[in-house]
Amino acid sequence: MYADTLVLDVDGVLVDVAGSYRRAIVESVERVYGETIAQSAIQQFKDAGGFNNDWELTDAVALYVLAGREGFPLSIETFTDRIAASGGGLVAAQSVVDDELDPAPRERVLGAWDRDRLRDVFQQLYLGADLYREIEGGSPELHTGGYIHDEPVLLDPETRDELTDRFDIGILTGRPAAEADIALERVGLDVPEEHRFTMGDWEAGKPDPAALVMLAERLDGATVAFAGDTLDDIRTAENATADDPGRTYHGIGVLTGGLSGAAGREKFERAGATAVVESVNDLPELLEPVEETPAD
């Protein structure tokens, strides 16, 4: 596969977030509402689409838990299938709950649904007390070390050096900017700010293609490979192809996030992935730089 530009997701590609972001999702709901879902079920929300923002995914899990107390009849599998059919994301999740509950129980669910509280607890768990003070500027109630420190690096130094030598590199992630900085520093990947898109840089989030197209423009890329660990990453590349037909976009699925094994590979392929790799460290073997044509 030929490319002149490589755009990388962070979570599940450069660092493993099973023990950090995903743990914070289920434990935030547990701490606020006294019950939660299994961590393995998070992938069903991810596959439904529209949950690039883990705060919103936490909100959706809490909504499911609260609706269950009011007799919500759907299993997580059916709930997330309905979310996908409704376009994905938190708005779709709320519409599914609205369709299934009568007005009185629906109002009780919405009255108990405290998104600000969920976000605050999430950040305390994920960042830990010290980083919470530094990044959020608040006084933590939970004195924890922070799950952010439990993110094994997936990108080998040799791979990092080879990729940065051979390709122009961009970053496209749903992380807040400060948390992206921490991950990239841990990985040892130095990417200028103008070649990064993080949570606050575009409102729509993945699979909206605007950020990927903008990175291609800023990096002057003609053939762009985007490697990510979710179906929305592949959809982002597909949408960029439709919105920006003057360039070529390849969506590459990486099997070190929530999708893994033969089942994960099949899901990526069905979503339109140009290629699927076991790890980010397989990219140098997959990708070849585009050779420049000598001038006459």
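**Figure 1. Salt bridges across the model.** The structure holds 24 salt bridges, and since this is a predicted model, every view here shows computed geometry. Side chains of opposite charge can pair when their charged atoms come close. One of the pairs joins R117 to E141, with 3.1 Å between the closest N and O atoms. This pair ties together distant parts of the chain: R117 belongs to helix 7 (residues 115–136), E141 sits in the loop between helix 7 and helix 8 (157–166), and 24 residues separate them. R117 counts as partly exposed because its relative accessibility is 31%.

**Figure 2. R196 and D181, a salt bridge between a strand and a helix.** Here the side chains of R196 and D181 meet, N to O, at 2.4 Å. Again the link is between distant parts of the chain, 15 residues apart: R196 comes from strand 4 (residues 196–197) and D181 from helix 9 (residues 177–187). What about burial? R196 is at 16% relative accessibility, so R196 counts as buried. D181 has a relative accessible area of 38%, so D181 is partly exposed.

Figure 3. The closest N and O atoms of R247 and D244 are 2.8 Å apart, and the two residues form a salt bridge. Buried means under 20% relative accessible area. R247, with 19%, is therefore buried. D244 is buried too, with a relative accessible area of 12%.

**Figure 4. A salt-bridge network.** Which residues are linked in a network of salt bridges? They are D11, E151, R175 and R186.

**Figure 5. Aromatic pairs around F45.** Searching the whole structure turns up nine aromatic pairs. One of them is F45 with F51, an edge-to-face pair with 6.0 Å from centre to centre and 75° between the planes. F45 and F51 are both buried. F45 also pairs with F79: the ring centres are 6.0 Å apart and the planes are at 75°, so this pair is edge-to-face. Like F45, F79 is buried.

**Figure 6. Arginines over tryptophan rings.** Take W113: the charged end of R115 sits over its ring, 5.6 Å from the centre. Now look at W55, where R119 lies over the face of the ring at 3.9 Å from the ring centre.

**Figure 7. The largest nonpolar core.** This core has 72 residues, and the members touching the most others are L8, L14, F45, F79 and L283. Helix 3 (residues 54–69) supplies the largest share of the core, ten residues. Both domains take part: at least three residues come from each of domain 1 (2–17 + 152–289) and domain 2 (21–148). For a closer look, pick L14. Setting aside neighbours within four places in sequence, L14 is in contact with L8, D9, P152, V153, L154, L155, I171, L184, V187, L189 and V280. Apart from this core lies another one, of 14 residues, with V7, L172, W202 and V224 among them.

Figure 8. T236 is part of helix 11 (residues 231–243). Is T236 buried or exposed? Its relative accessibility is 0%, so T236 counts as buried. Leaving out residues up to four places away in sequence, T236 touches L172, K206, P207, D208, P209, L212 and F226.

**Figure 9. Where the two domains meet.** The protein is divided into domain 1 (2–17 + 152–289) and domain 2 (21–148). How many residues of each domain are in contact with the other? Domain 1 contributes 19 residues, and these are in contact with 18 residues of domain 2. The C-alpha centres of domain 1 and domain 2 are 26 Å apart.

Note on methods:
Residues are numbered from 1 along each chain as its sequence is written. This is a predicted model: local features need pLDDT of at least 70, side-chain atom pairs count only at pLDDT 80 or more; totals for chains, interfaces and linings use all residues. Side-chain values use heavy atoms; hydrogens and water are left out. Rings of Phe, Tyr and Trp (its six-membered ring) pair if their centres lie within 6.5 Å; planes under 30 degrees apart count as stacked, over 60 as edge-to-face and the rest as tilted. Buried means under 20% relative accessible area, exposed over 50%, partly exposed in between (1.4 Å probe, protein chains only). A charge sits over a ring if NZ of Lys or CZ of Arg is within 6 Å of the ring centre and within 35 degrees of the ring normal. A nonpolar core is a set of buried Ala, Val, Leu, Ile, Met, Phe, Trp, Tyr and Cys residues joined through side-chain atoms within 4.5 Å. Helices (H or I, at least four residues) and strands (E, at least two) are DSSP runs, numbered from the N terminus. Domain bounds come from an automatic or database domain assignment. Contact means heavy atoms within 4.5 Å. A salt bridge is a side-chain nitrogen of Lys or Arg within 4 Å of a carboxyl oxygen of Asp or Glu.
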